[in-house]
Every structure is written in structure tokens, then in C-alpha cells.
Amino acid sequence: MDMQTSFLDRLFESGLLIDTGIDGLYGRSGQFEDVIAAFERLIDVFGGADGAEAMRFPPGMNRAFFEKSGYMKSFPQLAGTVHSFCGSELDHVSLLQCMEVGEDWTKGQEATDIVLTPAACYPLYPTIAKRGNLPKTGGLFDLQSYCFRHEPSKDPARQQLFRMREYVCMGTEQHVTDFRQRWMDRGVEMMKAVGLEVTIDVANDPFFGRAGKMLANNQRDQNLKFELLIPITSAANPTACMSFNYHQDAFGTKWGLNLEDGSVAHTACVGFGLERIALALFHHHGLDVKQWPSSVRKALWG
Ligand code: ATP
Ligand code: ZN
Ligand code: MG
């Protein structure tokens, strides 16, 4: 049995994660949620004085905004759409017949105006663009959302529905790259406070297809994405628990995000993978929170 399976099995046995029969779709125990809540309070402590505007969106977003984002160009393999039955009574009869005989009953489902949110910041850009030019001080936003990615896996750190806490910064190139660097430093400091050894490395997104390879190389060469890595299921391939992304003026141009002087805003976002951070804590300090080092417990619960 490989390491991944056994950590997942131990999480199931301890009740921290609850098996639903689907890889990457788990219930979480009260204890697991308490660790996430405590870590989010730590994020608030580190980021609280920056004065970010908090916003919470549901885990589904406007399909038109999703289409405009270009997500289907880059990551069609990860997207999840919400479909519904929109038929007549007759259609309903054949739907039920289909189910009865075990045929594909989903064929007649129609796309709704909602798609599952792929990253917490996606609903933000069109929302802010609608407000008009950004103030002189730029924009800083605090987000958290369940996100969906169709990447079923036995690795408990790769889930299909998971929570991402994000800060998003909009402003000049200098302003947003300073923001990104500040959070890289804070990320290392925060993980140290909870007893986790980390490394930071340049990274790339899994752009689809052959053309995507070039996009990925370009992203790496330009240092547009960094990850904070912690070993969870493998020491050789540590898991990205935070990511630090500089979008240059790509989102500013796409969404029409402008600064007070009319120039296009640069943007950057930093994301915390909340389940991954909780899993890193359980992996390193054990499944019983009462046994965690007192310094770690103090950092999380005071
Ligand atoms: P990976 O390289 O592991 O697929 P990613 O580069 O796709 O990660 P991002 O798109 O940068 O991740 O998302 C921000 C954060 O969300 C990641 O740093 C990670 O902590 C978390 N995350 C991403 N995908 C998952 C997933 N499938 N399950 C749980 N957490 C995830
Ligand atoms: Zn983001
Ligand atoms: Mg990924």
C-alpha cells in the first residue's frame, strides 16, 4: 500500500475526513474544521492591519464571467458546470425511465447560468471593474470560497471541492509585486509559527494541451507564480499549500480594471489552501490535536 492511501485511510479511520465514496470529495469533522478556523484567525492576525475589504462569494459564479475569464482555454479539464433539468412532463417521464434502466439520464440536462468557482478570486475582477476606476491607493481584497476542480485523486491533499482563502491586490506593478513578496515572507513566518518546515519555489499552472506547455514555461521563466511547499504525502514531491501569483496587467486589461490616472491596473493574488494546511498540520503533528506541541497549539488557539 502506498503512503498516500495510508494517510487517507488514517484520516478516514480517525474521522477527521469522512468518506463519501468519491475521491477528492470529503466531509470534515468538527476537529478538522476547528483547525481551519484557527488557521484563518492566524491569517487575520498577519493580514488584518492591511485593511483589506472582505467579500465572500458562494462556490458558484456567473457563467458569463467564467466564459470571459478564459478558463476554458487554459484549464478545460478542471472546470465544473452546473446543469439542470429544464424539460417538460414528457421529458420527465423519459428521464425517470432512463434512471430506471440504468441509462445515462444526464444527457438532457441543460447548462444553467452558474458554473462552479475554480479559484476564489474569479468572481472578484468583474465585480471591482463595475465600480469604475480604482482609488489612488489601489485595491486590496480578502476572499474565501469553496472551489471546484475536476481532479479526482487518492491524495487527500488533492480534493475536488476545497477552500481557498485569498488576498487580491490591484495597483501599479511595484505595488502588487511588493504585496506578493510581503505575503511570501509572511507565509514562511506563519508556517514556522505552527511548526511546519517549508520551501518556496517557482511554479506553473497545468495549462491544457501542447500549446499549454509554452504558457507554462513562459509563466515559470517570468517568475509569475511561486508556491510555498510542505511535504504531506511525499517528501520528494512536497505539496503546494500557498501560491503567490502575479498576473501582470492581464486581468486588468481583460476586465477593464483601471487606476485613478486611467492606466491599466496590475494584479496579484495569494492563496492559502485551507484543507492542505490542515492536512500538513495533522501529518506533522499527529492526528490527535491534544498531542500537538504546545507552541503550535498556542499559535493557533492562544
Ligand atoms: P497544484 O500544483 O498542487 O495543483 P495549484 O497550482 O493548482 O496547486 P492554485 O491554483 O495556485 O494551486 O490554488 C491556490 C491554492 O489552493 C494552492 O496553493 C493549494 O494550496 C490549493 N489547492 C489547489 N488545488 C487544490 C486541490 N485540488 N485540493 C486542495 N487544495 C488545492
Ligand atoms: Zn487568485
Ligand atoms: Mg492544480
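Arg28 sits in strand β2, residues 26–28; strands here are DSSP E runs of at least two residues, and helices are H or I runs of at least four, numbered from the N terminus. This is a predicted model, where local features need pLDDT of at least 70, side-chain atom pairs count only at pLDDT 80 or more, and totals for chains, interfaces and linings use all residues. As for bookkeeping, residues are numbered from 1 along each chain as its sequence is written, chains are lettered from A and ligands numbered from 1 in the order in which they are written, and side-chain values use heavy atoms, with hydrogens and water left out.

At 13% relative accessibility, Arg28 counts as buried. That label means under 20% relative accessible area, with exposed meaning over 50% and partly exposed in between (1.4 Å probe, protein chains only). The Arg28 side chain makes a polar contact with the side chain of Tyr146 at 3.1 Å, and also reaches the backbone oxygen of Leu161 at 3.0 Å. A polar contact is a pair of N or O atoms within 3.5 Å; within protein, one must be able to donate a hydrogen and the other to accept it, and residues adjacent in sequence count only if both atoms are side-chain atoms.

## The zinc site

Ligand 2 is a zinc ion, and its protein donors are Cys121 (SG), Glu166 (OE) and Cys269 (SG), at 2.2 to 2.4 Å. Donors are N, O and S atoms within 2.8 Å of the metal (3.2 Å for Na, K and Ca); water is not among the atoms, so the site may look incomplete. Along the sequence, the donor spacing reads C-x44-E-x102-C. Glu166, in strand β8 (residues 161–171), and Cys269, in strand β12 (residues 266–273), tie together distant parts of the chain, 103 residues apart.

If you're looking for disulfides (cysteine sulfur pairs within 2.5 Å), the structure holds 0. For Cys98, which is in no disulfide, the nearest cysteine sulfur belongs to Cys86, 16 Å away. Cys98 is buried, at 17% relative accessibility.

Cys169 is in no disulfide either, and its nearest cysteine sulfur is that of Cys269, 11 Å off. Cys169 is buried at 2%.

Polar side-chain atoms of Ser243 and Arg149 each lie by an oxygen atom of the ligand, at 2.7 Å for Ser243 and 2.9 Å for Arg149. Ala157 contributes a backbone N or O atom, 3.3 Å from a ligand nitrogen. The protein covers 90% of the 580 Å² of accessible area that ligand 1 has on its own, by the Shrake-Rupley method with a 1.4 Å probe.
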